[in-house]
Amino acid sequence: MTSQPTEADFPVTFLNETAIVQVPARLSVLEAVAFKQTCQELVQANAVLKQIIIAFDNTIFMDSSGLGALVSNFKNAQEQGIEMVLRNVTPQVLAVLNLTGLDQVFPIESSEGAESLPSYQLEEVLPTTHPSIKSWMKRLIDILGAIVGLVITAVLLIPIAIAIQIDDPGPILFAQTRCGWMGKQFKIWKFRSMCVDAEAKKAQLEKHNQVQGAFFKIDNDPRVTRVGRFLRRSSLDELPQFWNVLIGEMSLVGTRPPTPNEVSHYEVPEWQRLDVKPGMTGEWQVNGRSTIRSFEDVIRLDLQYQKNWSLLYDLKLIFKTITILFNKNSGAV
């Protein structure tokens with residue numbers, strides 16, 4: 001038997017052991033917080049609940065925070081043995097799920113028309129989460145800057161490669177999975193500055209983490225090689241990231257690119273930092289970088305960048321970054 005919708009931030013209808021949650025037209029940060037709370041209350045208050053259906057009939061906009069709430073609800077439901085299904089997914093929502101690969105993770109009931117759209121049409125309906133995302137001038141600056149950066153990288157490649165091999169034989173480049181716009185994962189490239197088994201040794205060093213919050217950093221990291229320490233202090237280790245900028249995974253200026261592990265610890269509002277592309281430089285790099293020890297400060301700086309963004313602001317941060325590079329104490333430690 002079907003009941004009337006309950007009084008809640010999101011209309012909820014019950015049908016036997018199934019709860020149907022109706023999502024509104026927009027699912028941005030304010031709605032996302034209420035969405036997560038609604039689903040949490042359903043999971044905690046209904047011992048007989050077997051399934052939650054998320055109905056997207058009317059949803060035409062979902063940003064990073066909305067996506068974060070959906071991911072969080074899905075994990076919570078799984079932990080309680082409750083199936084979560086997405087129903088009547090609109091092209092706008094499907095485009096976000098397709099971008100992040102989550103269309104292969106979430107159970108999605110067929111939605112007439114949406115699933116039949118080809119990839120290029122899905123890209124056309126991706127959300128404009130921030131004005132910088134659609135700025136062709138910002139993209140042009142990125143491309144020109146990346147080309148110049150890659151020329152410099154090519155010139156320095158041989159001496160850097162030789163130095164890395166002499167100090168600690170192994171791969172010249174290091175790739176690590178990071179999260180970009182809307183949480184889409186990509187491989188970020190750097191010149192290797194750590195020993196070859198650095199990732200395996202990280203677990204042994206977790207207890208020494210000197211940063212508060214979701215990310216990891218310690219001073220005098222024993223995994224960093226002698227050459228690697230120089231590369232980090234001079235920021236030369238980051239030169240290969242110009243390739244990430246050229247192919248559009250990153251921007252010259254943006255927010256700090258987090259790891260998937262960091263993102264897994266985010267609360268809904270913190271997903272806002274994924275509303276713009278990550279950058280090679282940005283507020284946190286020019287305002288302390290390695291001296292910043294609080295995750296909350298990183299979030300604050302990233303949101304400050306989004307609020308203040310303009311093409312002129314990007315250029316100011318680029319010039320400020322170039323100036324800071326000549327400071328011997330500016331690099332990573």
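**Close-up views of a predicted model**

**View 1. Val196 in its loop.** In this predicted model, Val196 sits in the loop that runs between strand 8 (185-191) and helix 6 (198-205). Val196 is exposed, at a relative accessible area of 53%. Beyond residues up to four places away in sequence, Val196 touches Asp168, Pro169, Gly170 and Pro171. Thr225 is 29 residues from Val196 along the chain, and their C-alpha atoms are separated by 9.8 Å.

**View 2. The largest nonpolar core.** This core has 47 residues. Phe35, Ile54, Phe56 and Leu97 have the most contacts inside it. Elements giving two or more residues to this core include helix 1 (29-45), strand 4 (51-55) and helix 11 (295-308). Another core, of 21 residues, lies apart from it; Ile160, Ile188, Phe191 and Val227 are among its members.

**View 3. Surroundings of Ile54.** Leaving aside neighbours within four places in sequence, Ile54 contacts Val21, Val23, Phe35, Cys39, Met84, Val85, Leu86 and Arg87.

**View 4. Salt bridge between Glu267 and Lys36.** The N to O distance is 3.4 Å. Glu267 lies in the loop between helix 9 (260-263) and strand 10 (279-281) and Lys36 in helix 1, so the pair ties together parts 231 residues apart in sequence. Glu267 is partly exposed at 46% relative accessibility, whereas Lys36 is buried at 13%.

**View 5. Salt bridge between Arg87 and Glu109.** The closest N and O atoms are 2.8 Å apart. Arg87 belongs to strand 6, Glu109 to the loop between helix 3 and helix 4 (119-124). Arg87 is partly exposed at 26% relative accessibility, and Glu109 is partly exposed at 30%.

**View 6. Salt bridge between Lys138 and Asp314.** Their closest N and O atoms are 2.5 Å apart. Lys138 lies in helix 5 and Asp314 in helix 12, so the pair links parts 176 residues apart in sequence. Both residues, Lys138 and Asp314, are buried.

Notes:
Residues numbered from 1 in each chain as written. Predicted model: local features only at pLDDT ≥ 70, side-chain atom pairs only at ≥ 80, totals over all residues. Heavy atoms only, no water. Helix = DSSP H or I, 4+ residues; strand = E, 2+ residues; numbered from the N terminus. Buried < 20%, exposed > 50% of the residue type's maximum accessible area, 1.4 Å probe, protein only. Contact = heavy atoms within 4.5 Å. Core = buried A, V, L, I, M, F, W, Y, C linked by side-chain atoms within 4.5 Å. Salt bridge = Lys/Arg side-chain N within 4 Å of Asp/Glu carboxyl O.
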